[in-house]
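Please view the sequence and the model together while reading.

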Amino acid sequence: MDDPDDSIEEISGHSYKLVDRDKELSLTPYPGKVPYWPHTYIYSTRELHHAGASVKAFYEEFKKAFLNGVYYNTEENSNYSFTLFFDLLDGYDKHRNLTRLENQLHVLGICYPKTAPYAERELITRAKKRDRKRFATEDDPLTLSQLVSYYPESF
C-alpha cells in the first residue's frame, strides 16, 4: 500500500500542497479567458469586493488551483496575484503556521515575481513577531534563523 500524501492540508475550505523547493514550477494556461481586471494597487483582499462577478469567480478558481499546485497564467494581471498574497497572509493570521505561509509565498514569488519582495518582508515581520511572542507549535518547525537563510537579503 502506498504511503498517503500527508502534504495536503485544509485551509478555509481549500486544500493545498506543500511544494518541494527544488521542483521546477511553471505557469499553466488558463483553459478559458482570464477576466480583465483593470490595474489597481492592491493592499488587501477588500479590492476584490469591488470587482465584477467574473473577476470574483475567476479569483476563487485561481486561488483553489494555486493551493492545489496549479499555477495559472494571469496574463500579466498582477491584481490576482497580489489579492492572493493578502489572502494567504490573512490565512496565516488564522492558522499561525509559518512553514505553510513561507511555502505558499515562496511559490507565489516564483510564479508571480512582482509579489516576491513583499513576501520576503512580510515573512520576516511575522517570524519576528512570532519569536517575540514565543508562539510555536510542533507542526511549525520553521524558525526565524531558517527563514533568514532562505532570504538573507531581507535580514
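A polar contact is a pair of N or O atoms within 3.5 Å; within protein, one must be able to donate a hydrogen and the other to accept it, and residues adjacent in sequence count only if both atoms are side-chain atoms. At the start of helix α2, a side-chain oxygen of Asn 77 comes to within 3.1 Å of the backbone nitrogen of Asn 79. The model is predicted: local features need pLDDT of at least 70, side-chain atom pairs count only at pLDDT 80 or more, and totals for chains, interfaces and linings use all residues. Residues are numbered from 1 along each chain as its sequence is written, and side-chain values use heavy atoms, with hydrogens and water left out.

**Protein chain**
- The protein chain has five helices and two strands; helices (H or I, at least four residues) and strands (E, at least two) are DSSP runs, numbered from the N terminus.
- From the N terminus, the order of elements is β-β-α-α-α-α-α.
- Of the 155 residues, 45% count as buried (under 20% relative accessible area, with a 1.4 Å probe and protein chains only).

**Helix α2**
- Helix α2 covers residues 78–95, and 14 of its 18 residues are buried.
- Arg 96 follows α2 and has a positive phi, near 55°.

**Ser 81**
- Ser 81 belongs to helix α2 and is buried, with a relative accessible area of 2%.
- A polar atom of the Ser 81 side chain lies 3.1 Å from the backbone oxygen of Ser 78.
- Leaving aside neighbours within four places in sequence, Ser 81 is in contact with Phe 62, Leu 108, Tyr 112 and Thr 115, where contact means heavy atoms within 4.5 Å.

Terms used. The expected span of a helix is 1.5 Å times one less than its number of residues. Buried means under 20% relative accessible area, exposed over 50%, partly exposed in between (1.4 Å probe, protein chains only).
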